[in-house]
Amino acid sequence: MREISLHILDIVQNSLAAQAKNIGISIIEDTEQNKMYIEIKDDGKGMDKETINKVLDPFYTTRTTRKVGLGLSLLQANARTCGGDLTIESIPGKGTIVRTIFCLDHIDRPPLGNMATTLISIMSGSSDVEFSYQHQCDKKCFSISTQEIKEHLNDIPVNNPEVLAWLLEYFTEKEKALSE
């Protein structure tokens, strides 16, 4: 995948397939340490140790629509190419945490990509799931949750097209402000 945001989207899709009701995404860019930390945490089905060992194999998948599961193995390869790594913690019945570290200024590090569009894609298809998002660049931080959004919308669903259009603009502005 050419952008880290697409990896994040893939992992969130895994969380949704694991019947998660709460998913958290955290991105921390620390220029002093020259690291980008990414964490995706869910309260889905979780995995036992044997499954955790298998999910990084590109030829393992639980999906019935294809015979390969490249998402996590590609993300791990990208992270390792860039002086980082990927770890998975999971407890059956409790959920899963995927953590990735990238060397921030590594020449081969894929760009983060369009997180605003990624967030909208996530929220538009799963209105019954609570999402939280935090993106920190050094001392600047942006965070939001669907729970906060829903409090302001009253009975209007988060995946209403007008709400999504407004959220896309809002997320785009907030993400841009982090890099200024």
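Asn154 sits in the loop that joins helix H5 (146-153) to H6; helices here are DSSP runs of H or I with at least four residues, strands are runs of E with at least two, and both are numbered from the N terminus. This is a predicted model, in which local features need pLDDT of at least 70, side-chain atom pairs count only at pLDDT 80 or more, and totals for chains, interfaces and linings use all residues. Residues are numbered from 1 along each chain as its sequence is written, and side-chain values use heavy atoms, with hydrogens and water left out.

For background, most residues other than glycine have a negative phi. Asn154 has 65% relative accessibility, so it counts as exposed (buried means under 20% relative accessible area, exposed over 50%, and partly exposed in between, with a 1.4 Å probe and protein chains only). Asp138 also is not a glycine and has a positive phi, of about 55°. You can find Asp138 in the loop between strand E5 (130-137) and E6, and its 34% relative accessibility makes it partly exposed.

## Aromatic rings

Now let's turn to the rings. A pair of aromatic rings is described by the distance of the centres and the angle of the planes. Searching the whole structure gives five aromatic pairs; rings of Phe, Tyr and Trp (its six-membered ring) pair if their centres lie within 6.5 Å, and planes under 30 degrees apart count as stacked, over 60 as edge-to-face and the rest as tilted. One of these pairs is Phe142 with Phe171, which is tilted, with 6.1 Å from centre to centre and 55° between the planes. This pair links distant parts of the chain, 29 residues apart: Phe142 belongs to strand E6 (residues 140-145) and Phe171 to helix H6 (residues 161-179). Phe142 and Phe171 are both buried.

Trp166 and Tyr170 make a stacked pair, because their ring centres are 5.0 Å apart and their planes lie at 10°. These two residues are four apart in helix H6, so about one helical turn separates them. Trp166 is exposed, at 53% relative accessibility, while Tyr170 is partly exposed, at 25%. Ring pairs join Tyr133, Phe142, Trp166, Tyr170 and Phe171 into a cluster.

Two packed helices are described by the angle between their axes and the distance between the axes. Helix H4 (residues 115-125) and H6 have axes that come within 8 Å and cross at roughly 150°; axes are lines fitted to C-alpha atoms, for helices over the stretch in contact, and angles run from 0 to 180 degrees between N-to-C directions. Among the residues that meet here are Leu119 and Met123 in H4, and Leu164 and Phe171 in H6, where contact means heavy atoms within 4.5 Å.

H4 also packs with helix H1 (residues 4-17), at an angle of about 15° and with the axes 9 Å apart. H1 and H4 are therefore roughly parallel (angles under 35 degrees count as roughly parallel, over 145 as roughly antiparallel, 65 to 115 as roughly perpendicular and the rest as oblique). Which residues make this contact? Ser5, Ile8, Leu9 and Val12 come from H1, and Met115, Thr118, Ser121 and Ile122 come from H4.
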